[in-house]
Amino acid sequence: MRIVLGVGGGIAAYKVASLLRLFTEAGHNVTVVPTEASTRFVGTATWEALSGNPVSNSVFDDVHQVNHVRLGHEADLIVIAPATADLLAKAATGQAGDLLTNTLLMARGPVLFAPAMHTEMWQHAATRANVETLRSRGAAVLEPASGRLTGADSGPGRLPEPEAIFDAAMALVQGQSDFQLPLAGRTVTISAGGTREPLDPVRFLGNRSSGKQGVALAVAARNAGATVRLLAAHMDVPPPAGVEVVPVETALQLREAALAAAADSDVVIMSAAVADFRPAAVSDTKIKKRDDRDDPVITLVRNPDILHELVELRNSAAPGRRQQLIVGFAAETGDNDGDVLAHARAKLQRKGCDLLVVNHVGTDKVFGQDTNSVVILARSGSEPQEASGTKTDVSAAIISRISGELNSVSPRA
Ligand code: CTP
């Protein structure tokens with residue numbers, strides 16, 4: 001296999017010599033492309049000697065071979081280690097200032113980033129956004145290891161061990177995505193956005209849901225290795241790549257899609273804002289205003305509670321069938337009858353789902369925003385778990401909780 005090993009400018013570059021050894025000893029042909037900064041830590045002579053191939057970091061060397069195009073095109077795999085904050089940013093924004101970033105832009109095969117940096121840099125919103133961008137485009141970005149860093153500090157940010165990077169690289173190439181992928185082999189159905197209930201051919205009753213949380217959940221589940229089916233009601237954001245999208249408009253359409261999808265799902269997450277009521281009658285023609293008529297009255301009828309039906313369907317499944325995990329969302333405001341958590345606990349009981357993700361809503365909160373703060377309640381009665389941050393952060397916490405809950409259950413046959 002032809003591997004391009006991109007080396008970033010971090011002290012952990014020295015560990016990449018062992019990674020290179022692992023690749024060459026396994027019989028792979030490795031071309032090392034170091035960044036200019038990385039050569040201050042490990043010189044090109046080391047890479048040439050260990051790889052047996054010429055090493056360059058300039059687009060102006062060997063111009064006749066058009067290296068900046070050829071390397072990326074021909075590589076079966078590109079591994080970047082250490083992936084510094086700078087390199088992640090450059091890759092995420094598609095910069096092409098040197099041979100390595102050019103090679104990344106020309107890549108046709110899988111790309112694996114093994115990050116290493118100080119904890120603050122790894123946790124910085126800019127780096128997280130860059131990692132999210134790269135993952136959403138299909139690159140694999142490993143979580144850094146935790147431990148002693150270069151200075152007196154310690155925390156997440158260490159380069160994963162060369163063996164771990166090697167295993168991840170091989171798993172990526174062989175399509176065995178279960179390396180660090182907790183939902184591999186699982187099917188996750190997620191509803192997202194807000195339903196629209198038609199009144200006539202041009203009007204509907206809708207709600208403020210943007211679909212951002214549901215889409216972030218779909219990305220997190222996909223990145224965790226799951227096969228994802230997104231039941232997409234009206235959304236302000238596009239669905240992500242790499243998931244199956246089932247478009248729906250009304251609550252009744254969503255019900256049909258959800259019940260069908262549930263049959264082969266290990267997890268169903270109802271994050272859509274489903275209209276509780278729909279107009280009792282839908283006019284085939286546009287409702288006109290007429291001077292001689294009273295103001296129109298819209299009669300509403302109840303929509304079925306999809307979440308509750310999913311739970312009943314699951315509970316009535318043949319004994320011995322694998323357990324399906326059902327997750328509901330609750331948008332709550334406190335009132336005279338109780339605070340947000342009290343209402344949410346009652347809803348969890350009523351709906352019978354396994355987990356309930358509780359949002360505290362007001363007109364300026366949650367809907368359409370990029371950040372969110374939730375509490376995850378479990379039917380098992382375990383302590384409420386708080387999660388906050390961007391909708392991506394919150395989704396990662398929810399998906400990781402779901403993975404934990406599924407741990408004891410084997411994937412569907
Ligand atoms: N839900 C559903 N079908 C409906 C209404 C809601 O499946 N007809 C799901 C939502 O997707 C969400 C959960 O139920 O996962 C909670 O929805 P919410 O509207 O907050 O609760 P309601 O059951 O409508 O209760 P209430 O309006 O009294 O708060």
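Buried residues are those under 20% relative accessible area, exposed ones over 50%, and partly exposed ones in between, with a 1.4 Å probe and protein chains only. All views show a predicted model, in which local features need pLDDT of at least 70 and side-chain atom pairs count only at pLDDT 80 or more, while totals for chains, interfaces and linings use all residues. Residues are numbered from 1 along each chain as its sequence is written, and side-chain values use heavy atoms, with hydrogens and water left out.

View 1. Helices (H or I, at least four residues) and strands (E, at least two) are DSSP runs numbered from the N terminus. Six of the eight residues of E18 are buried, so this strand is largely enclosed by the rest of the structure. Two strands count as paired if DSSP finds at least two bridges between them; E17 and E18 run antiparallel and are joined by five bridges, with Leu377 of E18 as the bridge partner of Leu356. On the E19 side, six bridges join E18 to E19, again in an antiparallel arrangement, and Asn372 stands opposite Gly389 in E19. E18 and E19 form a hairpin with six residues between them, and Gly381 in the turn has a positive phi of about 90°.

**View 2. The eight-stranded open sheet.** The strands follow the order E12-E11-E8-E13-E16-E17-E18-E19, and their pairing is mixed. Strand E12 (244–247) and strand E19 (385–390) stand at the edges with a single partner strand each, so one side of each has no neighbour in the sheet. From one strand to the next the twist averages 20°, where axes are lines fitted to C-alpha atoms, for helices over the stretch in contact, and angles run from 0 to 180 degrees between N-to-C directions. Strand E11 (residues 227–232) runs parallel to E12 and is joined to E12 by four bridges, with Glu244 in E12 as the bridge partner of Arg229. Helix H10 (residues 251–262) packs on the sheet, touching E8, E11, E12 and strand E13 (267–270), and its direction makes about 165° with that of E11; contact here means heavy atoms within 4.5 Å.

View 3. A polar backbone atom of Met270 is 2.7 Å from an oxygen atom of the ligand, and a polar backbone atom of Phe329 is 2.8 Å from an oxygen atom of the ligand. A polar side-chain atom of Lys347 lies 2.7 Å from a ligand oxygen atom. The protein covers 78% of the 570 Å² of accessible area that the ligand has on its own, as computed by the Shrake-Rupley method with a 1.4 Å probe.

**View 4. Helix H5 and its packing.** Six of the eight residues of helix H5 (residues 99–106) are buried, so H5 is largely enclosed by the rest of the structure. The buried residues are Leu99, Leu100, Thr101, Asn102, Thr103 and Leu104, and the elements they pack against include strand E1 (2–7), helix H3 (67–74) and helix H4 (85–92).

**View 5. Arg186 in its loop.** Arg186 is found between helix H8 (162–173) and strand E8 (187–192), and at 5% relative accessibility Arg186 counts as buried. A polar atom of the Arg186 side chain lies 3.2 Å from the backbone oxygen of Leu406.

Terms used: A polar contact is a pair of N or O atoms within 3.5 Å; within protein, one must be able to donate a hydrogen and the other to accept it, and residues adjacent in sequence count only if both atoms are side-chain atoms.
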